[in-house]
Amino acid sequence: MKELLRTLISKGLADCYADGSLSSGQFPSIVMETPAHAEHGDFATNVAMLLAKAEKKAPRMVADTLVRHFTDEAGICEKVEIAGPGFINFHLKDAAWRKSLLDIDRLAGDYGKSAVGGGRKIQVEFVSANPTGPLHIGHGRGAALGDTICRLLAFSGWDVTREFYYNDAGQQIANLALSVQARCLGKGPEDPSWPTDGYQGEYIIDVARAYMAGEKVDADDQHVVAAGDPLDLEAIRRFAVAFLRREQDQDLTAFDVHFNVYSLESDLYKDGTVDMVVRRLVESGHTFEQDDALWLRTTSFGDDKDRVMRKSGGGYTYFVPDVAYHLRKWERGFTRVVNEQGADHHSTITRVRAGLQALGAGIPAGWPEYVLHQMVTVLRGGEEVKISKRAGSYVTLRDLIDEVGRDATRFFFVMRKPDSQLVFDIDLAKQKSLDNPVYYVQYAHARICSIFENAAEKGFAVPDAGSVDLDRLTEPEEMALIKAIAAFPEVVEGSAANFEPHRVANYLQEVAGLFHGFYNKNRVITEDSQLTSARLFLLQCVALTLKNALTLLGISAPEKM
RNA sequence: GCGCCUGUGGCUCAGUUGGAUAGAGCAACGGACUUCUAAUCCGUAGGUCAGAGGUUCGAAUCCUCUCAGGCGCGCCA
């Protein structure tokens, strides 16, 4: 609808230039927006105001010329008027809006899908937690955001690869192996020989016990049988990594989050990618030696200080494999890559991009793209839960799913824009009350299903598109619902383009609210069978819009509650 | 000190990428169940959009500065 008006207006603009009534020859991109106030119509555009300066005419004059050259080919406009400083407001016929229900009904599960991605490849890397412990609440936010972004992109016609990258070889993993080994030998954190920076969490004991028992572990692409030898540190390392990866996978599966590809940092060393990248960086002339270390002149690419690549004691800093990994992503054909991470890792962005630029591989300066989410704080019983990873005292994703439920957890995580800090009030999320938006939205869907069931008992079925008389839908609540669900594709588009899942969450609350309002004022099942049919048809469209939107968030659309 | 993010009714947050009179929910107050789920709805009240400048037809939105909070600033990841 919006698109149609946009083409009609630009056609009219072309006509204005053709007959000389306008002369600047400019074609500004036409913004068609939904006005905040109903009296301003269904859609409005500001082109006249944008053209006014170039035309050296008053905006309202330009608008007048445009309106006179506007032809409503599809016959959808009730009236077109000029208002305010020079807006052109379009009031659409109710009949035109009603007809949009036919498209919604026809598309059903595909309603809201688009082809903007054109089947092009895009990769989304998210979670990417190191296998040193269970996933915590911050990973949960990343998982919910990343997964929803993937769903949005896939729905928008992108060929999405979901990727998880983890460090299975660095210093942190060495500490992990030492911690597990200490537990194998029956030591605790209070023991004088407990490793410095060791992981103290209880879960380490579980890993040690499984290792000593010779258990077998399957996780992503790893299959490891415990050697059971407490002196074999390398065997312990491999087992611990696989064990904790499996734990994470189980949590992610419970959260309905799945990946296509797992990438290991160790592979980048094994297959020579890291060495190759270092060699190419040295050849690029952007490196220098100082204090026995090798540095990359990242300040040439916008960093505030240069960064060490190879430490004086040997070994690379973490950002070197990061650059290597991203070079591989580029070579794998991903001209678009999105990395979803916690904002505490913000500083890596400049470094990774600087490294890629220094390689001179023809990678655009703004590649890859990033979605950073701010910190999550947890409230339980009105008190903030302090987290300490080393001491093992923190709220895990698993705790949340078990306690709050998957649907509510996912909704809470994507409800706010990634840029804002999130206070996760566990008590609130658990409540089955008005405070809890998840139930509000799901209840709307369940309520509609309940109406269908009731209608069936009374002999009313949802009619098919051919036999319904949509002109019976005339109530303001009905029109408001129709307009709201007709906007769904635009919401998906904006949400996907900006990597902002919260837009879908807000939209759901809006549609649910309109439905509840309609429900309380109007009866669906009445003596008037034509009206009943029309309303059932409308509600079917509302229900499937709710369901499609909920599915994008990875949340169920229950038929009963 | 430097970089990034945030600052919108008492609380939690939206705000269609610069549009018209800034919107929801919670909390407060007053109403609506012999009716398809009251896990709902309707109404009332509540605002110097942190502050000051600037950009223009027009700013919560863009620029500069100030203030407040969070995160980061390692030859850790």
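I began with helix 19, whose buried residues are His 502, Val 504, Ala 505, Tyr 507, Leu 508, Val 511, Ala 512, Phe 515, His 516 and Phe 518. The model is a predicted one, and I read every entry below with that in mind.

**Entry 1, helix 19.** I looked up the length next. Helix 19 covers residues 502-521, which makes 20 residues. From its first C-alpha to its last it reaches 29 Å, close to the 28 Å expected at 1.5 Å a residue. What do the buried residues of helix 19 pack against? I found helix 5 (137-155), helix 14 (406-415), helix 16 (437-457), helix 17 (476-486), helix 18 (488-497) and helix 20 on that list.

I then stepped back to chain A. I noted 20 helices and 17 strands. Along the principal axes, the C-alpha atoms fill a box of roughly 80 × 65 × 40 Å. Of the 561 residues in chain A, 51% are buried.

The domain assignment gives chain A four entries: domain 1 (2-92), domain 2 (98-115 + 434-552), domain 3 (171-247) and domain 4 (376-430). I looked up one separation, and the C-alpha centres of domain 2 and domain 3 lie 52 Å apart.

Which residues have the most contacts inside the largest nonpolar core? I have them down as Phe 90, Leu 101, Phe 413 and Phe 424, in a core of 141 residues. Helix 20 (residues 529-552) gives the most to this core, with 13 residues. There is also a second, separate core of 29 residues, and Tyr 325, Phe 334, Ile 349 and Tyr 370 are included in it. As general background, nonpolar side chains tend to be buried together in soluble globular proteins.

**Entry 5, Phe 90 and strand 4.** Setting aside residues up to four places away in sequence, Phe 90 touches Leu 5, Ile 9, Met 32, Gly 41, Asp 42, Phe 43, Thr 45, Phe 70, Cys 77, Lys 79 and Val 80. One of these, Phe 43, has Phe 90 as its bridge partner in strand 4. Strand 4 (residues 87-92) is mostly covered, with five of its six residues buried. Strand 2 (residues 43-45) runs antiparallel to strand 4 and is joined to it by three bridges. Strand 3 (residues 77-83) is also antiparallel to strand 4, with six bridges. In that pairing I found Ala 83 opposite Phe 87. Strands 3 and 4 form a hairpin with three residues between them, and Gly 84 in the turn has a positive phi of about 55°.

Do strand 13 (residues 337-342) and strand 14 run parallel or antiparallel? They run parallel, joined by five bridges. The partner of Val 338 in strand 14 is Glu 369. From strand 13 the chain passes through helix 12 (residues 348-359) to strand 14, and this β-α-β crossover is right-handed. Strand 14 (residues 369-373) is mostly covered, with four of its five residues buried. In the loop between helix 12 and strand 14 I located Pro 368. The peptide bond from Trp 367 to Pro 368 is cis, with omega near -5°.

Leaving aside neighbours within four places in sequence, Val 352 contacts Asp 322, Val 323, His 326 and Tyr 370.

I checked two aspartates. Asp 220 lies in the loop between strand 7 (216-219) and strand 8 (222-225). Its phi is near 25°, a positive value in a residue other than glycine. Asp 256 is in the loop between helix 8 (233-254) and strand 9 (261-264). Asp 256 is not a glycine either, yet has a positive phi of about 60°. Is Asp 256 buried or partly exposed? I have it as partly exposed, because its relative accessibility is 24% and the buried class ends under 20%.

Key:
Residues are numbered from 1 along each chain as its sequence is written. Chains are lettered from A and ligands numbered from 1 in the order in which they are written. This is a predicted model: local features need pLDDT of at least 70, side-chain atom pairs count only at pLDDT 80 or more; totals for chains, interfaces and linings use all residues. Side-chain values use heavy atoms; hydrogens and water are left out. A nonpolar core is a set of buried Ala, Val, Leu, Ile, Met, Phe, Trp, Tyr and Cys residues joined through side-chain atoms within 4.5 Å. Buried means under 20% relative accessible area, exposed over 50%, partly exposed in between (1.4 Å probe, protein chains only). Contact means heavy atoms within 4.5 Å. Domain bounds come from an automatic or database domain assignment. Two strands pair if DSSP finds at least two bridges between them. A crossover is right-handed if, with the strands pointing away from the viewer, the path from the first strand over the helix to the second runs clockwise. The expected span of a helix is 1.5 Å times one less than its number of residues.
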